[in-house]
Amino acid sequence: MPEQVLVIGAGFLGENIAQKFKEHNITQTNLTKINRNSHILDITNEKNVIDCFRNVKPNIVINCAANINIDFLEQNIPTAYSVNGTGVGNLAVACKRSNARLIHISTDGIFDGIHGNYTEEDKPNPINVYAKSKVIGEENIIKNCLNHVIIRTNFYGNHPQGKSLFNNILSKLKNKEQFTGFDDVIFSPLEVSNLSDIISDVTFSNYRGILNLSSNKSISKYQFCCKMADVFGFDSKLIKKGSIEDIGFIAKRPKNTSLDNTKSKQFIKSKIMSL
C-alpha cells in the first residue's frame, strides 16, 4: 500500500531520494520553489510546518533541509540555530503529533575529527557553528519524536547544476587547473544514488535511533581527487598534495570524520558501492 511520503528540502539528495519512492505518494518541499514538483516550506516557521502536515498527512517524513554554508554560519549563528536546530525541532514535534516516522539527514561533521571511524555510540564534539547547530537538531528530534532515524553521513555525486565538491573537482581537472587536495582530511562518503537506495532500506526497516551510513573504506580528499582524475582520464599531476591548515577558512573543519557502518550492514539490503 502506498505511503504518504514528505521529502523536506528536496535539493540534490532530496531529489534522489524522491526517485526511490516513486511508487508512493510523494510531496517535496523547498524554501523556494526550485522546480514544479516542490512546494514552499520554511521549517523555521512553526505555523508553516503545521499547515503542511495538515495538508499532506504524511506517514513518512524525510528531512534533508539544512543550511550547510559552514563559513557563512560561523558568522551568522542565529541562522544556523534557527534552520538546523529549531526548524528540525518543529518537524520532530509535527511528526509526533501526526504519528509519522521521521528520517533525518545529519552529518559526519558533528565530530571533532581527532580519531575517525566513529560509531553511533561516540559522543559528538562539534568544532564549528554548523556542527553545533546540527547537534541541536539531533537533540530536538530525540527529545520530541520517538519514531525517528538520525542518519549521519557524507555523500558525493554529479549535481545537475554543478553545485558539489565532485563537480568542482571535475571542472578543475577538465580546465587543467592546478589545485590542492587535502591529504589530512579523511572521510567515507557514499555516492548520492547509492545513499538514497540505502535510505529507502532504512525507512522501511524497524530501526530507530542514530545510524551511520558510509562507504566501507575511508579516503583522504587528496586520494579522492586523484581517483577522479584516474577514472575520467585527467592528469593527476594537476592535484597538489596539501593540508587544510594552509587554507584560510573562517570556520574550523574536523580532519577525520570517517564513520563505522557495521550497524547499518546488519539490516540494509542495498549493496554499499565502492568509490
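# Briefing: sheet, helices and selected residues

Helix 5 (residues 129–144) lies across strand 5 (101–105) and strand 6 (148–153), and its direction makes an angle of about 160° with strand 6. The model described here is predicted. Its protein chain contains eight helices and 13 strands. The chain has a radius of gyration of 18 Å, close to the 19 Å given by the globule rule for 275 residues, so it is as compact as a globular protein of that length.

**The chain as a whole**

- The C-alpha trace spans about 55 × 35 × 35 Å along the principal axes of the protein chain.
- Buried residues make up 51% of the 275 residues in the protein chain.
- The protein chain exposes about 13,700 Å², and 48% of this area is supplied by carbon and sulfur atoms.
- Among contacts in the protein chain with a separation of 6 or more, 76% are between residues 24 or more positions apart.

- Seven strands form an open sheet in the order 3-2-1-4-5-6-11, and their pairing is parallel.
- Strand 3 (38–40) and strand 11 (209–213) are the edge strands, because each of them pairs on one side only.
- From one strand to the next, the twist averages 20°.
- Strand 1 (residues 4–8) pairs with strand 2 (residues 25–30) in the parallel sense, over five bridges.
- Which residue of strand 2 is the bridge partner of Val7? The partner is Gln28.

**Asn30 in strand 2**

- Asn30 is found in strand 2.
- The relative accessibility of Asn30 is 10%, so this residue counts as buried, the cut-off being under 20%.
- Beyond its neighbours within four places in sequence, Asn30 is in contact with Gly9, Ala10, Gly11, Ser38, His39, Ile40 and Leu41.
- Asn30 and Gly87 are 57 residues apart in sequence, and their C-alpha atoms are 13 Å apart in space.

**Aromatic pairs**

- A pair of aromatic rings is described by two values, the distance of the centres and the angle of the planes.
- The structure holds eight aromatic pairs.
- One of them joins Phe166 and Phe232, with 6.1 Å from centre to centre and 75° between the planes, which makes the pair edge-to-face.
- Phe166 belongs to helix 6 (residues 165–174) and Phe232 to helix 8 (residues 221–232), so this pair ties together parts that are 66 residues apart in sequence.
- Phe187 lies in strand 9 (residues 186–187) and Phe224 in helix 8, so the pair ties together parts that are 37 residues apart in sequence.
- Phe187 and Phe224 are both buried.
- Tyr156, Phe166, Phe187, Phe224 and Phe232 are linked into a cluster by ring pairs.

**Cys225 in helix 8**

- Cys225 lies in helix 8, the helix that also holds Phe232 and Phe224.
- Cys225 has a relative accessible area of 5%, so it is buried.
- With residues up to four places away in sequence not counted, Cys225 touches Ile169, Leu173, Phe179, Gly181 and Ile239.
- One of these, Leu173, is 52 residues from Cys225 along the chain, and the two C-alpha atoms are separated by 9.2 Å.

- Most residues other than glycine have a negative phi.
- Asn99 has a positive phi of about 55°, although it is not a glycine.
- Where is Asn99 placed? Asn99 is in the loop between helix 4 (77–98) and strand 5.
- Asn99 has a relative accessibility of 68%, so it counts as exposed, for which the cut-off is over 50%.
- Asn117 is not a glycine, yet it has a positive phi of about 55°.
- Asn117 lies in the loop between strand 5 and helix 5.
- The relative accessible area of Asn117 is 46%, so this residue is partly exposed.

Methods: Residues numbered from 1 in each chain as written. Predicted model: local features only at pLDDT ≥ 70, side-chain atom pairs only at ≥ 80, totals over all residues. Heavy atoms only, no water. Pairing = 2+ DSSP bridges. Helix = DSSP H or I, 4+ residues; strand = E, 2+ residues; numbered from the N terminus. Axes fitted to C-alpha atoms, helices over the stretch in contact; angles between N-to-C directions. Contact = heavy atoms within 4.5 Å. Rg over C-alpha atoms; globule rule 2.2 N^0.38 Å. Buried < 20%, exposed > 50% of the residue type's maximum accessible area, 1.4 Å probe, protein only. Areas by Shrake-Rupley, 256 points an atom, 1.4 Å probe, with all protein chains shown as cover. Phe/Tyr/Trp six-rings, centres within 6.5 Å; stacked < 30°, edge-to-face > 60°.
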